[in-house]
Amino acid sequence: MLDGVLFICHANMCRSPMAEYIARRLLAGHRVTVASAGTDAVDGAPMHPYAIDVAAGTGVDPTGFRARKLRPEHLTSATVVLTATRRQRSLCTALAPGVLNRTFTLRQFARLAAAAEPPKDPADRPLRAAVEAAVRARGRLQPAAPDADDLRDPIGGSPAAFRRCAEEIERSIRPVLALIGTAG
């Protein structure tokens, strides 16, 4: 069984699809699936054109991407759920309460992953081991300011705003990638 990362944003047209494509590139070679959805997505909607440009920079053609509305089964099948905002994290845990301990904002999880000690027993599921290590790090970190967890929505912004958002996504994924690397 493969572990899976699920990225969540509002419409599944900007932040979460960019995160999906960036994470696929960064996690290539790891036994991890990557997907995305939106709390208020319209099934089948295309990705925002500026997000397509960012995603195309990962080396994969994103023009066939279609948004999907978040459903409980998306959440329950994921090893870790990473949301763009605290509000979306709350919506996810209301939709599937059983995922509370493995649902974070992307930026929150990046801080936890950076502070985590290497997993003790990674076995053959390094993502699961990384998530458990990050959860253990929770008690060692001071709470962050509320705005430190939310990833700004670039919708309505320029192509540069989308690139800045993508850079923040990649910066947030890198500590997670490092933690997965220590898990095997």
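Predicted model: local features only at pLDDT ≥ 70, side-chain atom pairs only at ≥ 80, totals over all residues.
Of the 184 residues in this protein chain, 48% count as buried.

Let me start with the overall build. The protein chain has seven helices and four strands. Going along the sequence, their order is β-α-β-α-α-β-α-β-α-α-α. The C-alpha trace spans about 45 × 30 × 30 Å along its principal axes.

On contacts: take those in the protein chain with a separation of 6 or more, and 73% of them come from residues 24 or more positions apart.

Now to one helix pair. Two packed helices are described by the angle between their axes and by the distance between the axes. The pair here is α1, residues 15–26, and α7, residues 159–182. They pack at an angle of about 45 degrees, and their axes are 9 Å apart. That angle makes α1 oblique to α7. The crossing of α1 past α7 is right-handed.

Which residues make the contact? From α1 we have Arg15, Met18, Ala19, Ile22, Ala23, Arg25 and Leu26. From α7 the list is Phe162, Cys165, Ala166, Ile169, Glu170, Ile173, Arg174 and Leu177. By class, the residues of this contact between α1 and α7 are eleven nonpolar and four charged, with no polar ones.

Technical notes. Residues numbered from 1 in each chain as written. Heavy atoms only, no water. Axes fitted to C-alpha atoms, helices over the stretch in contact; angles between N-to-C directions. Helix = DSSP H or I, 4+ residues; strand = E, 2+ residues; numbered from the N terminus. Parallel < 35°, antiparallel > 145°, perpendicular 65-115°, else oblique. Left-handed = near helix turned anticlockwise from the far one by under 90°. Contact = heavy atoms within 4.5 Å. Nonpolar A, V, L, I, M, F, W, Y, C, P; charged D, E, K, R; others polar. Buried < 20%, exposed > 50% of the residue type's maximum accessible area, 1.4 Å probe, protein only.
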